Amino acid sequence: MILQQFMPKVQLSMQQNKIYKIYQLLYDKYGPQGWWPYINHTPSYHPLDYSFPKNQDEIFEVCLGSILTQNTTFSSVVKSLNNLKELNCLSSQKIKNIDKETFKTAIKPVGYFNQKTRYILEFIKFYDSLNGSVPTRDELLNVTGIGEETADSILLYAYNQPQFKVDAYTKRLFLHLGFIDEKYKYKDIKNLVESKLKTIIKNQKDLIIVYQEFHALIVQHGKNFYSKKTYGAGCFLKDQL
DNA sequence: AGCCAGGCTACCG
DNA sequence: CGGTAGCATGGC
């Protein structure tokens, strides 16, 4: 089902919810992001279609992309995924069987290809052991190469679980707006967002979509106003709260 | 030329 | 515990 616009049912207490207000302002400004690209779909971006991932192959592709995208740009990830596609190497089984040097060459555009090859092979061992079931966050964190952000990326975008994903832009934005201070760690920021949103969005599917769009919107906004010092220069959000 | 990107591990004090 | 070097390519 493709919507014309996504508008979650929200409880009335939202007037005082600045976190949700930020989400609304960003959504009004940038619109739905359809954020996670799927290289076998045209177009790969799919705003307002929340029926992804559609099968196990697409779940695995998101997991793979979540690791590949660590500290790099998604355009590099797409290049690497397309290289793997040309090698017919987008499944866990195929990656296990391919020559390791060939694999490293394929993912070269994302950088850190030695590390990431090791991380991906570690992840595949875990992924195969799942037999299609949904991993827990702690299980993911136990895999070498998967930290908090990658775990939440996999849970939120591959498995449609209600886990908000925090990144560097999120922290810079909330710092600039005065919602947090420097001491806030990943989990603190995650808890802040989740606690504010889940109390006013009772429908789980709506909550998941808001988490997915919110993170994507923060990245888009971050690219515009929080990618280089001084962070927040030109950001219009503070004035509109 | 230099900084940043949709981070994580290992190792240090 | 917190802090930091190392990982590596690509784009602007």
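Predicted model: local features only at pLDDT ≥ 70, side-chain atom pairs only at ≥ 80, totals over all residues.
Domain bounds here come from an automatic or database domain assignment.

Ground rules first. Local features need pLDDT of at least 70, side-chain atom pairs count only at pLDDT 80 or more, and totals for chains, interfaces and linings use all residues. Residues are numbered from 1 along each chain as its sequence is written, and side-chain values use heavy atoms, without hydrogens or water.

Now the pocket. We work on a 1 Å grid over the protein atoms alone; a pocket is an open set of points with protein on both sides within 12 Å along at least five of seven lines, and lining residues have an atom within 4 Å of a point. Volume means the space filled by probe spheres set on the points, which are joined across faces, edges and corners.

The largest pocket holds about 660 Å³. Its lining has 25 residues, with Thr69, Thr72, Asp167, Tyr169 and Val219 nearest the centre. Where does the largest pocket lie? Domain 1 (12-37 + 164-240) and domain 2 (56-158) both contribute lining residues, so the pocket sits between them.

Helix 11 gives the most to that lining: five residues. Helices are DSSP runs of H or I, at least four residues, numbered from the N terminus.

Next, the cavity: a set of points where a 1.4 Å probe fits but cannot get out. One cavity reaches 30 Å³ or more. The largest cavity has a volume of about 160 Å³. It is lined by 15 residues, and Trp35, His46, Tyr50, Tyr157 and Gln212 are the closest to its centre.

Key
Chains lettered and ligands numbered in written order. Helix = DSSP H or I, 4+ residues; strand = E, 2+ residues; numbered from the N terminus.
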